[in-house]
Amino acid sequence: MDLVVDATIIFTGIIGKGVTKEVIFSKSVRLYSPKALFDEVEEHKPRIKPLSGLSSAELDELLDNLKSTINLFPLSKYEKFLEEANSLISDPDDTEYLALSLSMNKCPIWSNDPHFKEQSLVEVFTTGELVKFLKSKNLF
């Protein structure tokens, strides 16, 4: 299953020990995100590290694994959809994820951010909804 994944999911996957990390690395999903995702992760790395309980080396290894798991797209791939995405959602931090989804024929989005639910053009899964859906299809 193809999904556009946002930064909050990745932060939860890095910090948490639960189902989010399992889904991120599941063979049943293919994840896509704007290239800027890892700029945001690097920006928040000083806050993430102590919350994760990982050593610097372990955190770097996890980030490398995430970088090889998530398909990243440059702004040029979805730039022409930014205006439409901006008109559909109130949080400007979420615009790039929605624009990427629109550029990918409305690829579903995986996010726990309620702003994505403001629009109805693209299907949005919270982690709980995604796990339930994947289990219903025997994919998780």
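**Figure 1. The loop between H7 and strand E4, with asparagine 105.** In this predicted model, asparagine 105 lies in the loop that connects H7 to strand E4 (109-110). The residue is placed just after H7 and takes a positive phi of about 55°, although asparagine 105 is not a glycine. Most residues other than glycine have a negative phi. With a relative accessibility of 73%, asparagine 105 counts as exposed, because the cut-off for that class is over 50%.

**Figure 2. Helix H7 and its buried residues.** Eight of the nine residues of H7 are buried, so this helix is largely enclosed by the rest of the structure. The buried residues of H7 are Thr95, Tyr97, Leu98, Ala99, Leu100, Ser101, Leu102 and Ser103. Helix H7 (95-103) is also among the elements that give two or more residues to the lining of the largest pocket.

**Figure 3. The largest pocket and its lining.** About 280 Å³ of space lies in the largest pocket. Its lining is made up of 17 residues, and those nearest the centre of the pocket are Ala7, Glu40, Asp93, Asp94 and Tyr97. Two or more lining residues come from each of helix H1 (7-15), helix H3 (37-52) and helix H7 (95-103). Of the contributing elements, H3 gives the most to this lining, with four residues.

**Figure 4. Phenylalanine 11 in helix H1.** Phenylalanine 11 lies in helix H1. Its relative accessible area is 15%, and phenylalanine 11 is therefore buried, the limit for this class being under 20%. Phenylalanine 11 and leucine 82 are 71 residues apart in sequence, and their C-alpha atoms are 24 Å apart in space.

**Figure 5. Serine 68 in helix H4.** Serine 68 is found in helix H4, which covers residues 56-69. Serine 68 has a relative accessible area of 63% and is exposed. Between serine 68 and arginine 30 the separation is 38 residues in sequence and 11 Å in space, C-alpha to C-alpha.

**Figure 6. The aromatic pair of phenylalanine 125 and phenylalanine 133.** The structure holds two aromatic pairs. One of them, formed by phenylalanine 125 and phenylalanine 133, is tilted, with 5.3 Å from centre to centre and 45° between the planes. Phenylalanine 125 counts as buried, at 5% relative accessibility, whereas phenylalanine 133 is partly exposed, with a relative accessible area of 27%.

**Figure 7. The segment after helix H8, with asparagine 138 and leucine 139.** Asparagine 138 is found in the segment after H8, and leucine 139 is found in the segment after helix H8 (127-136) as well. Asparagine 138 has a positive phi of about 55° although it is not a glycine. At 70% relative accessibility, asparagine 138 counts as exposed, while leucine 139, at 34%, counts as partly exposed.

**Figure 8. A nonpolar patch on the surface.** Val19, Leu139 and Phe140 form this patch, and together they have about 200 Å² of accessible area.

Note on methods: Residues numbered from 1 in each chain as written. Predicted model: local features only at pLDDT ≥ 70, side-chain atom pairs only at ≥ 80, totals over all residues. Heavy atoms only, no water. Phe/Tyr/Trp six-rings, centres within 6.5 Å; stacked < 30°, edge-to-face > 60°. Buried < 20%, exposed > 50% of the residue type's maximum accessible area, 1.4 Å probe, protein only. Patch = residues over 30% accessible without salt bridge, like charges linked within 9 Å, V, L, I, M, F, W, Y side chains within 5 Å. Areas by Shrake-Rupley, 256 points an atom, 1.4 Å probe, with all protein chains shown as cover. Salt bridge = Lys/Arg side-chain N within 4 Å of Asp/Glu carboxyl O. 1 Å grid on protein atoms, 1.4 Å probe; cavity = no way out; pocket = protein on both sides within 12 Å on 5 of 7 lines; lining within 4 Å. Points joined across faces, edges and corners; volume = space filled by probe spheres on them.
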